[in-house]
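Have the picture open while you read.

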Amino acid sequence: RSSREAPDLAATPPRGIERVGLALLLLATGCARLPDYAMPRVELVEASQLAKTDGIPYRKLTRGDFRAKQAPIANADHAAQMSAFSCANVVPQGDLQMEVRQQSATGGFVASTAQARFVARMDRNCSWWNPAPSEEAPSFILQHEQIHFAIAEVAARDLTELVRRLSATGDSAEQAAAALQDAVDGVFRDVVLEMTERNARFDRDTSGRHDPELQQRWYDQVSRELAR
């Protein structure tokens with residue numbers, strides 16, 4: 001759900017930095033097979049809900065990063081059909097703040113978020129590895145989950161770039177801040193949609209089959225994007 005807490009600017013001078021209340025992107029999930037119940041999904045949560053997660057920044061994953069004792073889905077029969085389940089969060093790096101300034105002594109106000117930065121973190125306490133024997137090699141499963149994690153990191157970097165470009169104006173500091181919040185929310189929804197669809201495309205391409213060459217092409221593509 002979206003957190004739309006308005007910045008409290010009434011008691012501050014016209015020029016200053018104020019915090020923006022933003023929703024966080026949670027759960028870009030992946031698995032090694034793709035029945036309906038295992039489709040990638042995205043949820044919006046507030047930052048406080050992530051306080052107890054064991055998040056790691058983007059890096060090469062290992063088997064030990066999957067620490068959940070059970071799959072984060074209710075149906076045990078469905079979980080048994082999955083090789084792994086990863087949870088990746090896209091979150092602000094530090095406090096996400098906006099700068100609101102008056103354009104001139106008698107002019108309006110402009111709000112911007114030039115210092116915003118988003119990153120992907122994998123929640124190891126949520127991510128699960130099926131302990132049952134699998135027909136697929138652990139390296140193949142790990143690469144699959146790595147690609148899901150990479151897709152989240154690409155989304156975080158895209159979000160950073162797009163949000164930093166944003167600015168909004170208003171007759172008051174409150175109006176400028178509210179307009180910028182709306183603009184950020186719109187960009188956020190677009191990035192969420194694209195990330196969800198990309199995860200689904202990846203799973204449709206690679207799940208339910210053992211095709212190392214096709215999965216490698218996906219891995220090479222996201223690796224090139226992250227190397228830019």
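In this predicted model, helices H2 and H3 run roughly antiparallel to each other, because the angle between them is over the 145 degrees needed for that label. H2 covers residues 138-164, and its packing angle with H3 is about 160°, with the two axes 10 Å apart. The crossing of this pair is right-handed. On the H2 side, the residues making the contact include His144, Ile147, His148 and Ile151. On the H3 side, Val184, Val187, Phe188 and Thr206 are among them.

Now look at the other partner of H3. Helix H4 spans residues 212-227, and its axis comes within 9 Å of the axis of H3. These two cross at roughly 155°, so H3 and H4 are roughly antiparallel as well. Their crossing is right-handed. From H3, the contact is made by Arg198, Arg201, Phe202, Asp205 and Thr206. H4 brings in Leu214, Gln215, Trp218, Gln221, Val222 and Glu225.

| Helix pair | Angle | Axis distance |
|---|---|---|
| H2 and H3 | about 160° | 10 Å |
| H3 and H4 | roughly 155° | within 9 Å |

Which residues does Thr206 touch, once you skip those up to four places away in sequence? They are His144, Leu214, Gln215 and Trp218. Thr206 itself sits in helix H3, which covers residues 173-206. You've already met Thr206 in the contact of H3 with H2, and it turns up again in the contact with H4. Is Thr206 buried or exposed? Its relative accessibility is 3%, so Thr206 counts as buried, the limit being under 20%. Its side chain also has a polar atom 2.8 Å from the backbone oxygen of Phe202.

Next, step off the end of H3 to Arg209, which lies in the loop between H3 and H4. Arg209 has a relative accessible area of 40%, so this residue is partly exposed. Leaving out neighbours within four places in sequence, Arg209 is in contact with Glu136, Phe140, Arg204 and Leu214. Take Glu136: it is 73 residues from Arg209 in sequence, yet their C-alpha atoms are 9.8 Å apart in space.

Let's turn to the cysteines. How many disulfides does a search of the whole structure find? The search gives 1, and it joins Cys87 to Cys126, with 2.0 Å from S to S. The pair links distant parts of the chain, 39 residues apart. Cys87 is in the loop between strands E5 (84-85) and E6 (88-92), while Cys126 is in the loop between strands E9 (118-123) and E10 (128-129). The angle about the S-S bond is -50°, and the link is left-handed. What about the surroundings of the two ends? Cys87 is buried, at 1% relative accessibility. Cys126 is buried too, with a relative accessible area of 15%.

Finally, zoom out to the whole protein chain. The chain has 4 helices and 11 strands. Of its 228 residues, 48% are buried. Now consider contacts with a separation of 6 or more: residues 24 or more positions apart account for 78% of them.

Methods:
Residues numbered from 1 in each chain as written. Predicted model: local features only at pLDDT ≥ 70, side-chain atom pairs only at ≥ 80, totals over all residues. Heavy atoms only, no water. Disulfide = S-S within 2.5 Å. Buried < 20%, exposed > 50% of the residue type's maximum accessible area, 1.4 Å probe, protein only. Polar contact = N/O pair within 3.5 Å; in protein donor to acceptor, adjacent residues only side chain to side chain. Contact = heavy atoms within 4.5 Å. Axes fitted to C-alpha atoms, helices over the stretch in contact; angles between N-to-C directions. Parallel < 35°, antiparallel > 145°, perpendicular 65-115°, else oblique. Left-handed = near helix turned anticlockwise from the far one by under 90°.
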